[in-house]
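Trainee: Could we go through how the terms used for aromatic rings are assigned, with each value set against its cut-off?

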Amino acid sequence: MTDIDIAKSLLKKSVTCALVKDGTTYVSCKKGIAPMLGFIEDGINLSGFSVADRIVGKAAAMLFVKAGVTEVYAEVLSEAGKIYLEAHGIAVSYGKLTKEIINRSNSGICPMESAVLEIDDYEIGYITLKNKVAELKKANI
């Protein structure tokens, strides 16, 4: 089995994000971009890892690029996420391609997607996403 196949097989039950490289595995049950923000903030070297994630939009794609992953599988992938990953040379596959990622209340675009809509630099995107998460936590959303 390849690393991406192993990562995909780990997306069961409560696992939302799985990263695999040469027998090393990281998994998370957190929602949204929280898994990748956590791994990056913890200083985990994810360069060369393959990732399987439930939902990937441009926000998650930026974090994958920042982390240096080489391959991504998304159960649901936004068009913007696909374009961003491909533009950065990351192999991408998916179960379903969608126009955009919708927020949890199904009332509009995901706030993380909205925050990075006009941003192309993943470092600026990372800072923007961290600030947006802090803002939402402060507002208790």
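**Rings, charges and burial**

Mentor: K66 lies over the face of Y126, at 4.7 Å from the ring centre. This is a predicted model, in which local features need pLDDT of at least 70 and side-chain atom pairs count only at pLDDT 80 or more, while totals for chains, interfaces and linings use all residues. Residues are numbered from 1 along each chain as its sequence is written, and side-chain values use heavy atoms, with hydrogens and water left out.

Trainee: What makes the charged end of K8 count as sitting over the ring of Y73?

Mentor: A charge sits over a ring if NZ of Lys or CZ of Arg is within 6 Å of the ring centre and within 35 degrees of the ring normal; the charged end of K8 is 4.5 Å from the centre of the Y73 ring.

Trainee: Why is the pair of Y26 and F39 called tilted?

Mentor: Rings of Phe, Tyr and Trp (its six-membered ring) pair if their centres lie within 6.5 Å, and planes under 30 degrees apart count as stacked, over 60 as edge-to-face and the rest as tilted. The centres of Y26 and F39 are 5.8 Å apart with their planes at 55°, so this pair is tilted.

Trainee: Why is F39 called buried, whereas Y26 is called partly exposed?

Mentor: Buried means under 20% relative accessible area, exposed over 50%, and partly exposed in between (1.4 Å probe, protein chains only); F39 has 9% and therefore counts as buried, while Y26, with 27%, is partly exposed.
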